[in-house]
Amino acid sequence: CEKGGQWERALELFDELQQRGLEPNIITYGALISACETSGRLSEARALFFDAHSRGCLSNVNSVPGALDLHELSVPVARMAVRSALEERLGRKSEEG
């Protein structure tokens with residue numbers, strides 16, 4: 001799904017996985033984020049990143065305030081972590097200034 005640009009099919013499989021009671025892990029999220037990102041579906045990729053974070057799959061990413069630990073993340077997940085951190089930081093700056 002990731003390399004074929006079938007992001008919709010990837011999300012269908014993700015839903016099916018959860019309906020069967022299986023818990024997604026960081027590898028699952030990495031493939032999904034990559035499929036969405038490759039297809040230009042950044043809002044979906046961002047939502048998946050935040051979902052992975054809320055489920056504890058990315059517990060080490062923000063373990064130190066103001067720093068990102070990207071060591072164990074796949075490239076697509078690391079890119080989304082950086083993108084999200086930058087958006088958050090730029091959003092705060094525009095609110096302050």
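User: Is Arg46 buried, partly exposed or exposed?

Analyst: Arg46 counts as partly exposed, at 23% relative accessibility. Buried means under 20% relative accessible area and exposed over 50%, with partly exposed in between (1.4 Å probe, protein chains only). The model is predicted: local features need pLDDT of at least 70, side-chain atom pairs count only at pLDDT 80 or more, and totals for chains, interfaces and linings use all residues. Residues are numbered from 1 along each chain as its sequence is written, and side-chain values use heavy atoms, with hydrogens and water left out.

User: With which residue does Arg46 form a salt bridge?

Analyst: Side chains of opposite charge can pair when their charged atoms come close. A salt bridge is a side-chain nitrogen of Lys or Arg within 4 Å of a carboxyl oxygen of Asp or Glu. Here the partner of Arg46 is Glu87, with the closest N and O atoms 2.9 Å apart. This pair links distant parts of the chain, Arg46 lying in helix H3 and Glu87 in helix H4, 41 residues apart. Helices are DSSP runs (H or I, at least four residues), numbered from the N terminus. Glu87 is partly exposed, at 37% relative accessibility.

User: How many salt bridges are there by this rule?

Analyst: The count comes to 8 salt bridges. Among them is the pair of Glu23 and Arg55, whose closest N and O atoms are 3.5 Å apart. Glu23 sits in the loop between helix H1 (7–19) and helix H2 (26–38), and Arg55 in the loop between helix H3 (42–54) and helix H4 (75–96). Glu23 is exposed, at 64% relative accessibility, whereas Arg55 is partly exposed, at 36%.

Note on methods. Helix = DSSP H or I, 4+ residues; strand = E, 2+ residues; numbered from the N terminus.
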